Amino acid sequence: MSAVELWLVRHGETEWSLSGAHTSTTDISLTDHGRRRAVELKEYLNGKKFAAVLVSPMQRAKETCEIAGYGSDAQIEPGLMEWNYGESEGKTTKEMRVKYGPDWSVWTNEIVDGETVEHVGERADAVIAKAVAAATYHEGPTPGGEAVALFAHAHILRILAARWIGLPAVDGRLFALGTGSVSVLGYERETRVVVKWNRGFEKDSE
């Protein structure tokens, strides 16, 4: 188990991620900048082999995965859908605070007509179990074979990282995650850890 790694890839920039609007079920595409970042992501990953590639069914995640070179290997994973924001879909935090007050946060307020953070955590747990199984039962000497790639969205990946290290789903708020970024979850001996977080495409120094 200590060799298992989950590579988390947040999709590239969209018009709504650029504006700060909450984006879940609205199926929008990448901006030109988002596509360029996906090309840089392809160069960064450099054809790394994965035991499995799981991708959100949303266009922005699938497009990032495709440009990065993993479209033909990807399996659609509904559990990687972004948090259902309910009435805050398409709205910024600033707009929501006009209605609900200056302390409103997607992390701490009721999500009207949407999904609780705890339910997103349950989805993340199920994805983790599926990814670990794919890595653990991968057969053959392929380099990187015990790694699994997850192409998805900011909040679901932040929550998944929190759940990986045993934190409650709400503690995903502690993990900032930029568009087009790469993060790696793994093990130190038998302990689950965050190996790398929110990496751009600079060359690793180690």
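**Helix packing and pocket**

Colleague: At what angle do the axes of helix α5 and α6 cross?

Modeller: The axes of helix α5 (residues 117-136) and α6 come within 9 Å; helices are DSSP runs of H or I, at least four residues long, and axes are lines fitted to C-alpha atoms over the stretch in contact, with angles from 0 to 180 degrees between N-to-C directions. The model is predicted, with local features needing pLDDT of at least 70 and side-chain atom pairs pLDDT 80 or more, whereas totals for chains, interfaces and linings use all residues. Residues are numbered from 1 along each chain, and side-chain values use heavy atoms, without hydrogens and water. The crossing angle is roughly 70°.

Colleague: How are α5 and α6 oriented to each other?

Modeller: Angles of 65 to 115 degrees count as roughly perpendicular, under 35 as roughly parallel, over 145 as roughly antiparallel and the rest as oblique. The two helices, α5 and α6, are therefore roughly perpendicular.

Colleague: How many nonpolar residues has the contact of α5 with α6?

Modeller: Contact (heavy atoms within 4.5 Å) involves, among others, Val120, Ala124 and Ile128 of α5 and Ile159, Leu160 and Trp164 of α6. Besides one polar and three charged residues, the nonpolar ones number ten.

Colleague: Is α2 parallel or oblique to α3?

Modeller: Helix α2 (residues 32-45) and helix α3 (residues 59-67) pack with axes 8 Å apart, at an angle of about 45°. That angle makes the relation of α2 to α3 oblique.

Colleague: Which helix gives the most to the lining of the largest pocket?

Modeller: The largest pocket has a volume of about 340 Å³. Among its 24 lining residues, Arg10, Ala21, His22, Tyr85 and His155 are the closest to the centre. At least two lining residues come from each of α1 (15-19), α4 (93-100) and α6 (154-164). With three residues, the helix that gives the most is α6.

Methods. 1 Å grid on protein atoms, 1.4 Å probe; cavity = no way out; pocket = protein on both sides within 12 Å on 5 of 7 lines; lining within 4 Å. Points joined across faces, edges and corners; volume = space filled by probe spheres on them. Nonpolar A, V, L, I, M, F, W, Y, C, P; charged D, E, K, R; others polar.
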